[in-house]
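Here is a briefing on a model of protein chains with DNA. Please keep the sequence and the structure in view while reading.

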There are 2 protein chains.
Amino acid sequence: MNSYSEVQIDGCTVRVVDAPRVESVRSRMPGQEDLADTAEVFGLLGDPNRLRLLLALLDGELCVCDLAAVTGQSESAVSHALRLLRAHRVVAVRRAGRMAYYRLEDAHVRMLLDLAIAHTGHTQAIHPERGGND
Amino acid sequence: MNSYSEVQIDGCTVRVVDAPRVESVRSRMPGQEDLADTAEVFGLLGDPNRLRLLLALLDGELCVCDLAAVTGQSESAVSHALRLLRAHRVVAVRRAGRMAYYRLEDAHVRMLLDLAIAHTGHTQAIHPERGGND
DNA sequence: TGCACCTCTGAATAGCTGTTCATATGTTAA
DNA sequence: TTAACATATGAACAGCTATTCAGAGGTGCA
């Protein structure tokens, strides 16, 4: 006998098993806007090429063509990616003549990257046969 | 007088500005496989609905229908999302009769979620208005 | 057994995303 | 000024993704 109950959520009747728990978790859930922002940041890190760009910037600023060389992408693709990252305040640009030097701007993102790197190192220690780079 | 040089990368001649820096960053870059894995994890967190699911699981396990109620998705959508997360070992399932209780399995992902939660809202306080640039 | 229930799955579709190509903008040097 | 240069941008296309719908397991109860 799995006692479940019916609860009103957003005007709809929904079947739930642990009603108070559901209400509690729901109340602690971040607002839709914060959630969308957070998901967007994760989404930006979810593309291998953008991730490479950001990891390359961990040590300091680099110009577009060097970023292209480091990450193995076309300069156009890099520029498009940087535009996205710039729009979300993840990177910032310093213009010097016709060069554009990009740097990591978001301290939060830097923490996420550091955490990710720390864990890939761990994976590497466990699977040394994978190698450090190509 | 922007002295740049030409470097061989993957058999292609590429124009770079700071050649030693490019080589140094390139050598520190994680391997393609690790990078893809990391990006995939971030990608999983990059969808608002999946993010909601995972945040709901921070406090402990929940069944599919309660997850649907908490996150406001259809049970089918939740099941599909959980299947993906399960395939990547981010969540694990405990079956009890016809119920399926899901829990967070990946400690790394839990850290990322905690970090994200800790920072939600702060961004708003620091940057009251977003989207002035570009 | 029959039936309601919870979850899972496959197929299909609509929407998003990242890349490329061509071109524009702005800069430096000759 | 002209030419080479560094980056930025728009359009378009291919590939991916998340949702919905319909239905298929399995499970518990009468």
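The surface near DNA strand D draws at least two residues each from α4 (64-71), α5 (75-87) and β5 (99-104) of chain A and from α5 (75-87) of chain B. Near means that a C-beta atom, placed from the backbone, lies within 6 Å of the strand. Helices (H or I, at least four residues) and strands (E, at least two) are DSSP runs, numbered from the N terminus. The model is predicted: local features need pLDDT of at least 70, side-chain atom pairs count only at pLDDT 80 or more, and totals for chains, interfaces and linings use all residues. Residues are numbered from 1 along each chain as its sequence is written, while chains are lettered from A and ligands numbered from 1 in the order in which they are written.

**DNA strand D**
- α5(A) supplies the largest share of this surface, six residues.
- Of the 26 residues around DNA strand D, A:C63, A:V64, A:C65, A:A100 and B:G97 come nearest.
- By class, the surface has eleven nonpolar, nine polar and six charged residues. Ala, Val, Leu, Ile, Met, Phe, Trp, Tyr, Cys and Pro count as nonpolar, Asp, Glu, Lys and Arg as charged, and the others, Gly among them, as polar.

**Sheet in chain A**
- Three strands of chain A form an open antiparallel sheet, ordered β3-β5-β4.
- β3 (62-63) and β4 (91-96) of chain A are the edge strands, each with a single partner, so one side of each has no neighbour in the sheet.
- β3(A) and β5(A) pair over two bridges, in the antiparallel sense. Pairing requires at least two bridges found by DSSP.
- A:C63 stands opposite A:Y101 of β5(A).

**Chain B against chain A**
- 54 residues of chain B are in contact with 56 residues of chain A. Contact means C-beta atoms, placed from the backbone, within 7 Å.
- α2(B) gives the most to the chain B side, with ten residues.
- That side has 28 nonpolar, 14 polar and twelve charged residues.

**Helix α3 of chain B**
- Seven of the nine residues of α3(B) (48-56) are buried, so the helix is largely enclosed by the rest of the structure. Buried means 20 or more other C-beta atoms within 10 Å of the residue's own, all placed from the backbone.
- B:R50 and B:R52 are among the buried residues.
- α3(B) packs on α4(B) at about 115 degrees, with axes 10 Å apart. Axes are lines fitted to C-alpha atoms over the stretch in contact, and angles run from 0 to 180 degrees between N-to-C directions.
- B:N49, B:R52, B:L53 and B:A56 of α3(B) meet B:L67, B:V70 and B:T71 of α4(B).

Key
A residue is buried if 20 or more other C-beta atoms lie within 10 Å of its own, exposed if 12 or fewer, and partly exposed in between; C-beta atoms are placed from the backbone. Two residues are in contact if their C-beta atoms, placed from the backbone, lie within 7 Å.
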